[in-house]
Amino acid sequence: MVFVDRDGTLNRHRPGYVTRGDDLDVLPGVPAAVRLLNDAGCRVVLVTNQRGLATGALTEAQLVEVHQRLVDDLATAGAHLDAIQVCPHQVGECGCRKPLPGLFEQALRRAPWARVGRCVMVGDQDTDLVPAQGLGMRTARVDEASATFEEVVRALLMPTI
Ligand SMILES: [Mg+2]
Ligand SMILES: [Zn+2]
């Protein structure tokens, strides 16, 4: 199973919340890279903090629209997400806001066949990678300038000799 962060990993990071589908700027190569994961038989699970739902900066309808756009953009390459896990909570009010591990644990509970040592988390921040490492997953860091999502995925799928 491959866990992926959203902002800064699949789409360009921008100040504030992405509140409209038109503001979601999927990074080049991302749909094709997700397709590679799909074709390799990996379950792809999005894990994203959306505190704006708690503060009122983002409505549930807006989040649904944004995620529909993401799903549509991925579909242009024949790619899909297997699950979308959202933390809608305020800081300090839950066990699932990254860097806490709740979103990962929820996904793992629904996939009892998944071996945590074979799971990977791809994200652009320490807060993405720390909870995954704590659960025993491998991690890979995306950097818009030096390691794109597509490069990271290709490296993950490269057969080890
Ligand atoms: Mg991010
Ligand atoms: Zn939460």
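This briefing covers the metal sites and the cysteines of one structure. The model is predicted, so local features need pLDDT of at least 70 and side-chain atom pairs count only at pLDDT 80 or more, while totals for chains, interfaces and linings use all residues. Residues are numbered from 1 along each chain as its sequence is written, chains are lettered from A and ligands numbered from 1 in the order in which they are written, and side-chain values use heavy atoms, with hydrogens and water left out.

**Zinc site**
- Cys 87 (SG), His 89 (ND1), Cys 94 (SG) and Cys 96 (SG) coordinate the zinc ion (ligand 2) at 2.1 to 2.3 Å; donors are N, O and S atoms within 2.8 Å of the metal (3.2 Å for Na, K and Ca).
- The zinc site is tetrahedral, with angles of 100 to 117° among its four donor atoms (four donors count as tetrahedral if all angles lie between 85 and 135 degrees).
- The spacing of these donor residues in sequence is C-x1-H-x4-C-x1-C.
- Cys 87 is buried at 0% relative accessibility, whereas His 89 is partly exposed at 30% (buried means under 20% relative accessible area, exposed over 50%, partly exposed in between, with a 1.4 Å probe and protein chains only).

**Magnesium site**
- The magnesium ion (ligand 1) has Asp 5 (OD), Asp 7 (O) and Asp 124 (OD) as protein donors, 2.1 to 2.2 Å away.
- Asp 5 lies in the loop between strand E1 (2-4) and helix H1 (30-39), and Asp 124 in the loop between strand E4 (120-123) and helix H5 (126-134), so the pair ties together parts 119 residues apart in sequence; helices (H or I, at least four residues) and strands (E, at least two) are DSSP runs, numbered from the N terminus.
- Asp 5 is buried, with a relative accessible area of 7%.

- Cys 119 is in no disulfide, and the nearest cysteine sulfur, that of Cys 42, is 9.6 Å away.

Technical notes: Tetrahedral: all angles 85-135°; square planar, octahedral: opposite > 155°, others 65-115°. Disulfide = S-S within 2.5 Å.
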